[in-house]
Amino acid sequence: MPHLLVFGLGYSSRATIRAAGTRYDHITATVRSADRAAALSAAPVEGHAVTVLPFDGSDVPEALAAAIASADDILVSAPPNLSGDPVLAACGSRLAAHPPKGIAYLSTVGVYGDHGGGWVDEQTPATPSSIRSRERVEAEAAWQAFGRAHGVPVAVLRLSGIYGPGQNALVNLARGTARRIIKPGQVFNRIHVDDIAQAVLASFDKRYDGIVNVTDDEPSPAQDVVAHAAEILGVPVPPDIPFEQSGLSEMGRSFYDECKRVRNDRLKGELSVKLLYPNYRVALRALAAGGDGRH
């Protein structure tokens, strides 16, 4: 009876649960608060009967300890913090006592830092420039060390900017929040959440051990995505806003401090993932057909 354990019931892990179909007889997921766990346990999650447990990185409830002991596959989407990876810190000894068959750890392409628009791949050294990306590098290393010590394959999936149903340029246009911020030469990498789910499940199928960039085929300027979304919806394209006049928060500006193009050869080759949405144009058309941006 295959069992999937998900640490952190977020956007990407929900998509993975949705895509899992009937491959798991039992799915357990964690959220930070007991109230939210109780609310989510009252109804199916993405069409599945999911046992939702509270876990804030400190105490490990008895039910979670039991789930760790019986899990075949473990997906970790909970972010690290200044103290390290909260899952390993709290659950490491239990995981070591009952090693799963495979682990997928969701990281970020932010670990590569800035490359002036140049191409990077999994062989490119991580040179993170932000604190949050440095924390990710440390968490990646910790999970890889755990895998080596206990004979568990660990797929480190470095994700690009995530979008999908309910979270995309079409929705932002409909809400009036879409902005075309122009910084010459700037490109971003992105990935549809359903392709993240494909990558996670493929890593489990192959018992993959190593780093994989999870990104689509076409790094491109953010303003082009907004313009294409406006064309699909038949609405005016928002005006250009020079980066220097954007008034972005410190966090928002930090994303523009890095520019790189991320290769996905390993995703399509070693994981054999055929992207459902190889670029934003294909994805936006499908999202619009599903109703995003229309109401």
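Trainee: At what angle do H4 and H5 pack?
Mentor: Helix H4 (residues 86-97) and helix H5 (residues 131-150) pack at an angle of about 10 degrees, and their axes are 12 Å apart. Axes here are lines fitted to C-alpha atoms, for helices over the stretch in contact, and angles run from 0 to 180 degrees between N-to-C directions. Helices (H or I, at least four residues) and strands (E, at least two) are DSSP runs, numbered from the N terminus.

Trainee: Is H4 roughly parallel or roughly antiparallel to H5?
Mentor: The 10 degree angle makes H4 roughly parallel to H5, given that angles under 35 degrees count as roughly parallel, over 145 as roughly antiparallel, 65 to 115 as roughly perpendicular and the rest as oblique.

Trainee: Before we go on, what kind of model is this?
Mentor: This is a predicted model, in which local features need pLDDT of at least 70 and side-chain atom pairs count only at pLDDT 80 or more, while totals for chains, interfaces and linings use all residues. Residues are numbered from 1 along each chain as its sequence is written, and side-chain values use heavy atoms, with hydrogens and water left out.

Trainee: Which residues of H4 and H5 meet?
Mentor: From H4 there are Val87, Leu88, Gly92, Leu95 and Ala96, and they meet Ala142, Trp143, Phe146 and His150 of H5, where contact means heavy atoms within 4.5 Å. By class, this contact has seven nonpolar, two polar and no charged residues; Ala, Val, Leu, Ile, Met, Phe, Trp, Tyr, Cys and Pro count as nonpolar, Asp, Glu, Lys and Arg as charged, and the others, Gly among them, as polar.

Trainee: Is Val87 buried or exposed?
Mentor: Val87 has a relative accessible area of 0% and is therefore buried, since buried means under 20% relative accessible area, exposed over 50%, and partly exposed in between (1.4 Å probe, protein chains only). Leaving aside neighbours within four places in sequence, Val87 is in contact with Phe7, Phe55, Val76, Ala78, Gly92 and Trp143.

Trainee: And where is Phe55 found?
Mentor: Phe55 is in the loop between strand E3 (50-54) and helix H3 (62-70), and Phe55 is buried, with a relative accessible area of 7%. Beyond the neighbours within four places in sequence, the contacts of Phe55 include Phe7, Val31, Leu64, Pro86, Val87 and Cys91.

Trainee: Switching topic, how are H1 and H7 oriented to each other?
Mentor: Helix H1 (residues 11-19) and helix H7 (residues 193-206) pack at an angle of about 65 degrees with axes 8 Å apart, and they are therefore roughly perpendicular.

Trainee: What about H8 and H11, at what angle do they pack?
Mentor: Helix H8 (residues 222-233) and helix H11 (residues 280-289) pack at about 35 degrees, with axes 10 Å apart, and H8 passes H11 in a right-handed crossing. Asp224, Val225, His228, Ala229 and Ile232 of H8 make the contact with Tyr280, Arg281, Leu284, Arg285 and Ala288 of H11, a set with six nonpolar, one polar and three charged residues.

Trainee: Last one: what is the phi of Glu46?
Mentor: Most residues other than glycine have a negative phi. Glu46, though not a glycine, has a positive phi of about 55 degrees; Glu46 lies in the loop between helix H2 (34-41) and E3 and is partly exposed at 28%. Arg207 likewise has a positive phi, about 50 degrees, and sits in the loop between H7 and strand E11 (210-214), partly exposed at 32% relative accessibility.

Definitions and conventions. A crossing is left-handed if the near helix is turned anticlockwise from the far one by less than a right angle, and right-handed if clockwise.
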